[in-house]
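Subject: Structure for your review

Hello,

Here is the structure we discussed. My notes on what was found in it follow below.

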Amino acid sequence: IPSVSSIVPESCLLIVVGLLVGGLIKGVGEKPPILKSDIFFLFLLPPIILDAGYFLPLRPFTENLGTILIFAVVGTLWNAFFLGGLMYAVCQLGGPGLNHIGLLANLLFGSIISAVDPVAVLAVFEEIHINELLHILVFGESLLNDAVTVVLYHLFEEFANFEQVTFLDIILGFFSFFVVSLGGVLVGVIYGVIAAFTSRFTSHIRVIEPLFVFLYSYMAYLSAELFHLSGIMALIAAGVVMRPYVEANISHKSHTTIKYFLKMWSSVSETLIFIFLGVSTVAGHHYWNWTFVISTLFFCLIARVLGVLVLTWFINKFRIVKLTPKDQFIIAYGGLRGAIAFSLGYLLDYEHFGMRDMFLTAIITVIFFTVFVQGMTIRPLVDLLAVKKKQETKRSINEEIHTQFLDHLLTGIEDICGHYGHHHWKDKLNRFNKKYVKKCLIAGERSKEPQLIAFYHKMEMKQAIELVESGGIGKIPSAVSTVSIQNINPQTLPLERVLPALSKDKEEEIRKILRTNLQKTRQRLRSYNRHTLVADPYEEAWNQMLLRRQKARQLEQKMNNYLTVPAHRLDSPTMSRARIGSDPLAYEPKEDSENLPIITIDPASPQSPESVDLMSEEPKGCSGLPPSPEEDEEGLVMRVKEPSSPGTDDVFTPGTGDSPSNQRMLRCLSDPGPRPEPEEGEPFIPKGQ
């Protein structure tokens with residue numbers, strides 16, 4: 001019924017089915033089965049976690065690992081202690097039915113109910129197709145908080161048996177968190193490497209290849225649980241480590257078997273978990289206390305919202321892509337509880353926890369509220385808030401090339417800056433993996449195959465399978481792939497080009513040149529920070545010297561602008577000829593004009609502005625004699641240029657007035673600068689100037 005499944009999540013429908021089946025069994029007088037914790041933790045939970053870990057989107061997970069760890073560790077600790085402390089206060093104020101519940105019991109209850117459940121998150125978030133960032137943040141938190149939950153659960157369970165808890169016990173409990181989490185990861189890595197190494201030798205028995213993947217993964221989970229380590233962390237680590245090497249070794253049929261068997265196995269486990277949750281609700285013993293149950297539900301929501309808001313405010317100070325208020329709302333609203341909390345509550349012992357039935361009733365109430373109310377309303381809220389959804393896009397060679405290019409570029413930038421960020425360490429890990437690990441864990445030539453070529457082969461195989469499944473191969477019988485042609489007619493590989501051999505001395509000389517001239521980018525440099533730069537003792541003196549030079553240049557530029565003006569635009573040759581022809585007497589030489597500047601014009605060939613020549617540039621008043629009134633009235637005298645002798649060039653032969661000093665003197669005198677306005681009765685050019 002698509003109309004129902006589009007509104008109600010599948011997990012809610014399965015719980016309803018379990019409630020109906022449990023009610024039917026109880027109605028006929030039989031005792032309904034209860035979901036026992038051993039069955040849940042040993043048989044139903046591992047397939048779901050292995051499926052999630054084996055197909056974990058590794059790139060977004062590693063890029064957001066810091067944010068996920070803060071939410072998983074700090075967020076879960078905050079929820080557990082906040083909820084446990086407030087519930088202890090409620091028990092002290094809640095009347096005679098709750099007074100006997102101590103602080104340790106409330107903290108244990110808070111640690112059970114505070115963890116986000118991966119099964120419930122997977123069931124809801126895969127249906128609403130939320131964007132990859134939010135999905136990996138909530139789902140990653142639900143996976144990694146298992147270590148915190150396991151530590152707190154066993155810690156408070158042990159403390160409940162102690163007569164007195166010392167400070168040393170608290171310190172040991174704190175260190176046990178690192179032992180449980182890192183120990184689980186270490187166990188998973190060991191079994192993942194063993195599985196990858198085993199798959200190297202299975203080329204002649206392809207049938208049992210999938211069996212090794214399931215066997216070693218389950219052994220990693222059991223080994224971790226055997227030593228009270230985090231089994232979920234071990235399964236995730238084993239799946240992440242073994243996948244790239246196992247897929248390079250096994251056949252395509254084995255890969256398909258692993259993929260679909262894991263999906264089927266996890267789907268069956270998920271269905272059984274939610275059905276048994278409904279059946280156990282009907283079959284179990286319940287003790288309802290309104291104060292305790294309603295307070296638990298209310299404080300769970302308050303603790304989740306406060307934890308997400310405070311932690312996101314802190315995380316956004318370090319993130320490049322900030323988490324928006326919409327993202328924070330979805331993260332807080334997606335904190336679903338599920339069967340892990342129910343199974344942990346069911347494991348409690350009646351001897352030390354007489355209030356176990358009341359705890360289970362409160363846990364089931366919180367699970368039903370989060371799965372039904374939050375799970376059913378998160379889809380319309382995502383649509384209402386217009387939260388970005390997941391875009392189904394096929395990866396292409398172009399995208400892979402640009403992704404690798406940007407990774408290398410960012411690694412180079414970090415090396416140059418001297419900042420060793422996660423790109424640097426990722427590059428180091430890739431180099432180590434390529435140089436050593438691949439050669440040990442991958443058989444044949446695949447160990448030397450570049451990542452881009454391997455991705456291309458994978459895409460080509462996928463495209464061929466899709467083409468066969470769609471029936472498109474029958475429509476194009478003439479199209480034969482290059483791979484099949486090479487298999488039919490194997491071509492001999494071309495001979496490698498022989499490189500000229502270098503002598504030892506020449507090679508050593510080249511290495512010496514490179515060592516002395518190339519910058520050592522891999523050496524540890526100081527990270528750039530403008531607050532921690534070392535002050536240069538000579539910097540102030542250099543600044544003063546630069547300022548003085550700048551002021552001197554500005555003053556010189558002002559003086560040049562003050563003393564010089566651009567030359568007047570010369571008339572064209574046609575205008576010069578017309579002016580001389582109209583009034584030739586004005587250009588005749590005058591007497592007693594030896595000391596005046598003379599402009600000589602050649603009327604015969606006024607072809608260019610160079611025909612106007614300055615012959616005598618001796619100004620008035622510069623010869624040491626005072627100017628006479630006649631000279632003042634005469635002004636400038638124009639003389640006719642004497643004809644040049646044969647064989648000389650009129651343009652390129654320098655004249656007497658062509659020297660730079662004469663040119664500068666004439667410019668200086670042509671405009672001696674600004675003057676005050678002349679008063680009435682004064683001549684325009686005063687005498688003596």
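**Two loop residues**

Ala386 sits in the loop that joins α17 and α18. Please keep in mind that this is a predicted model. The phi angle of Ala386 is near 55°, which is a positive value in a residue that is not glycine. Ala386 counts as exposed because its relative accessible area is 58%, and the cut-off for exposed is over 50%.

His129 also has a phi near 55°, again positive in a residue other than glycine. Its place is the loop between α7 (118–128) and α8 (132–144). With 44% relative accessibility, His129 is classed as partly exposed.

**The chain as a whole**

The chain is built from 26 helices and three strands. It has 689 residues, and 36% of them count as buried. Among contacts with a separation of 6 or more, 81% are between residues 24 or more positions apart. The accessible surface of the chain is about 43,200 Å², and carbon and sulfur atoms hold 64% of that.

**Nonpolar cores**

The largest nonpolar core contains 120 residues, and Phe40, Leu45 and Phe292 have the most contacts inside it. Helix α17 (residues 356–385) gives the largest share of this core, with twelve residues. Leaving aside residues up to four places away in sequence, what does Phe40 touch? The list is Leu35, Leu45, Pro46, Ile273, Ala339, Ile340 and Ser343. Another core, of five residues, lies apart from the largest one; Ala196, Tyr245, Ala248 and Ile442 are among its members.

**Helix α19**

Helix α19 covers residues 422–441. A straight helix of 20 residues would span 28 Å at 1.5 Å a residue, but the end C-alpha atoms of α19 span only 25 Å. The helix has a kink of about 45°, and the kink is centred on Asn433. Asn433 is also one of the buried residues of α19, together with His423, His424, Asp427, Lys438 and Leu441. Which helices do the buried residues of α19 pack against? They pack against α10 (167–199), α12 (231–249) and α18 (397–417).

**Ser176 in α10**

Ser176 is located in helix α10. Ser176 and Leu152 are 24 residues apart in sequence, and their C-alpha atoms are 9.6 Å apart in space.

**Cysteines**

How many disulfides does the structure hold? The count is zero. Two cysteines can be set side by side for their accessibility. Cys300 has a relative accessible area of 5% and is therefore buried, given a cut-off of under 20%. Cys417, at 41% relative accessibility, counts as partly exposed.

Regards

Key
Residues numbered from 1 in each chain as written. Predicted model: local features only at pLDDT ≥ 70, side-chain atom pairs only at ≥ 80, totals over all residues. Heavy atoms only, no water. Disulfide = S-S within 2.5 Å. Buried < 20%, exposed > 50% of the residue type's maximum accessible area, 1.4 Å probe, protein only. Helix = DSSP H or I, 4+ residues; strand = E, 2+ residues; numbered from the N terminus. Expected span 1.5 Å × (residues − 1). Bend = angle between axes of the 7 residues up to and from the residue. Contact = heavy atoms within 4.5 Å. Areas by Shrake-Rupley, 256 points an atom, 1.4 Å probe, with all protein chains shown as cover. Core = buried A, V, L, I, M, F, W, Y, C linked by side-chain atoms within 4.5 Å.
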